Each structure stands twice: as structure tokens, then as C-alpha cells.
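Reader: I have a model open and want to learn how to read it. Can we take it feature by feature?

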Amino acid sequence: MAVRTAWRDVPRVRARRFAALAMAEVPALAQAILTEIRKEYPGLPLVVDDSGEPMALVGIRRALEDFVDHLVEEDGPNGRRLEVFQEFGRGEVLQGRSLDSLQAIYRLGVRLAWRRLAEIGQQVEIPPPAMYELVESGFEYLDGLVAQSVRGYAEAAARQAGERLRLQRRLITLMLSEHRTDPTGALAEHAERIGWPLPEQVAVGVLLRPAPESVAPAVGQDVLLDMEYEQPRMVVPDPHAAGRPELLRRAMTGWSGAIGPPVPLAEAAKSLHWAWAAVRLMERGLLPAGQVLHCTEHTEALVLLPPEELIEDLARRCLAPLDSCAPAHSRRLVETLLAWLETRGGAPEIAARLGVHPQTVRYRLRQIRELLGDEVDDPDRRFELELVLRARRLRDARAAPGRGR
């Protein structure tokens, strides 16, 4: 407590008399303050301690005693025995409230206490300048009480957040596990513990950190995040809900990764599978990097690119007859074959797509038929040819996008 000239000039006998009268008033004053607070805030819960006494009354009484007891001492109020105000801060966390209402209650208590202290000051003839300093010290003391509550609030909020994260990780792990039976009951139990309404559908994301120290994206409480993994996981409830795509787009600025397709809640592991597949393709340069992709917008790449060994083996068998051609010519034939398979059009249409003369297309198609024979008329063979040629085009588009014909 800073040195206060006017209060220190009050004769010590008179100051002690003031303190003695104020201390005698503490029990009744504390009760009066609590009564007025409850009248002003009727919904305020009244928690009792082990002795059955309201903790609020205990706190008010201790604060008054601590303040009055040190009015005549050099060091002033020091906040001893006021740990109960940390409990008040913790209580606000448990009740799901901010500290605003608690601080308003404290200010009300100080005003009520000051009225009575002012009356005692007049009775003992404490000079007005000293009383002005006394009320100023009272509000400084209030700051100390608020600091105690803030500390308790912060500690409780941290514990609550840590517990929620632990329960959230458990829920995510259960959700993303493979299940032989319907997991809805177990998921509902875990979800209830963190206040997460079970959605009908989810989409699961796999994220790539912009930097090792990156903080979690601000996706909101209803989107579940597990940041403990090197590549964090994200569970998006009802991904097509109004406003959800835009919220995610803003929240994921600076991040990259992939979000799997929407699936029923019990099949979340399937969405995770496709998200992982997309991330692996991103890491290989086969899907665009530097953003959060939606797997539903890259279906062709996800279907055709991951089974690379199978596709390449099929390509070798299907396209073996073209191996006799020079590489550049073989590439042009393959390009023409794919355009024909995709359009089933005539030479003019294919020529327009490829940017060559129709007569060139007719020449190439005759060569293709000579090399592949009747296989080009078999529906199964045409499907296999289109499959392997589309897969190759997807890879080549990333490896050599400007390659000529």
C-alpha cells in the first residue's frame, strides 16, 4: 500500500478507534452486503463450505477484516486468507460465465462497505482528505481481489480446456477406428461429456502444419481437432451445413491438407482413408499443394493415381503393341486414342480437340487399329485403355504440363 499523507496524518489513537469500530461492524456488514448482492443478482448460486456457511459470506467477511485490520499498519492490506476469491473465479468457469458479473458484484460490495465506513469516519471525526484516500485504497484493494479471482479463473479454465482436449482426443480416436458393430452408443456417451451433438455426417481432414510451432486453426468448438499428431486430424460435423464451408475456408488460411468425403458418423474412418490418400498425393506433387483440398473435388485423381503399381502393370499390357513405335510417335498415338475413347467422335471432332488436321487423325486411328486390332472394339478393353490413359495424363499434367504433340 502506497504512503498516503492524509491518512498517515490522522492521529494513531483516532485511526485505531476507527479500525476497532469498523472491525466490530464486519459480521453485520458482511451479511448486509451479501443480502444486497443476492437481491441485485437473484440467480447467483450460494455455495457453502464444509461448515455449512456460504462461501460468499466467508469471502466478504475475510476481505473486510483483512482491509480494516491493516488500516493502522505500515504495510497496509496484503490479501492474506483471501484464497477463497480464487475459488470464486474457478466457480465462474464451472458455471460457464465470464468474470464480468463477478467484478460487478465486487464493485457493488465495495460501494456498500464504503457507505458504512464513511459513517464510522464521521463518527470518529476522520478528516475528509483521509477518508478520500481511504476509499481510493479500497478500490486498489478491490483490484487485488479481482486479481485473485482472475488467477483462479485462469487456472480452472486451463484445467477445463485440458480435460476437454483429453476427452476430445478420446472421442476422435474412437470415431476414426474401424468398427465391427455400430459405435453410435459409445460415441454418444463420449460426445456428451464434451457437449458435442452427434451429427448425421462427418468429413475427416488431415492437415499439414505451415510451421512446427503453428497454433491450431480457429475452426470453432463444434469442429474437433487433434493437434497431437505430426499431421493433425480434424472432424467436421455436417460439412454441408449452412456457413460451414465458408467458416472452414477462412479458418484454414495458411494451412494445407485434405478433407475426406462426407460419410455417416459410424463410417468416419472411410473419410479419413481418402483424406490420407489425398495428402500422400499432395506430398508427391500429384495434387495441388499449399491449400486444404476437398477430396470430392479430386475424385478422378484419387481413384486413378493411388493404385500406381496396378495401373502401370495394366498399362504395360494394354499398350504393349505401341512399343514398336518411336517414343514421340507413340505418345501422339496414345493422345489420339484417348481423345477417341473420351469423345467417340469422328475425325473432325477429335482434330479440333487435338489441334491437328482431320486427315492426321484418320491416319493415326488407322495405325492404332492396325496395332491394337479388334481390342479397340471390345467394351472391356476400351474401358481398360481409357483407365490407364487417364491415369497417365493425370501424372503427366503435373510432370510436364507444357509438353508438345
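Reader: Is cysteine 295 buried or exposed?

Author: Start with the cut-offs. Buried means under 20% relative accessible area, exposed means over 50%, and partly exposed lies in between, with a 1.4 Å probe and protein chains only. Cysteine 295 has a relative accessible area of 5%, so it is buried. Cysteine 325 is buried as well, at 18%.

Reader: What kind of model do these values come from?

Author: This is a predicted model, where local features need pLDDT of at least 70, side-chain atom pairs count only at pLDDT 80 or more, and totals for chains, interfaces and linings use all residues. Residues are numbered from 1 along each chain as its sequence is written, and side-chain values use heavy atoms, with hydrogens and water left out.

Reader: How many disulfides does the structure hold?

Author: A disulfide is a covalent bond between the sulfur atoms of two cysteines. Here the test is a pair of cysteine sulfur atoms within 2.5 Å. The structure holds zero.

Reader: How do I read a strand, say β3?

Author: Helices (H or I, at least four residues) and strands (E, at least two) are DSSP runs, numbered from the N terminus. Strand β3 covers residues 233–237. Five of its five residues are buried, so β3 is largely enclosed by the rest of the structure.

Reader: Which way do the side chains of β3 point?

Author: In a regular strand the side chains alternate between the two faces of the sheet. In β3, Arg233, Val235 and Pro237 point one way. Met234 and Val236 point the other way.

Reader: Which strands pair with β3?

Author: Two strands pair if DSSP finds at least two bridges between them. Strand β1 (residues 201–208) runs antiparallel to β3, with five bridges. Strand β2 (residues 224–226) is also antiparallel to β3, over three bridges. Look at valine 235 in β3. Valine 204 has valine 235 as its bridge partner, and so does leucine 224. β2 and β3 form a hairpin, with six residues between them.

Reader: Where is glutamate 125, with its positive phi?

Author: Glutamate 125 has a phi of about 65°, although it is not a glycine. It sits in the loop between α5 (100–124) and α6 (128–175).
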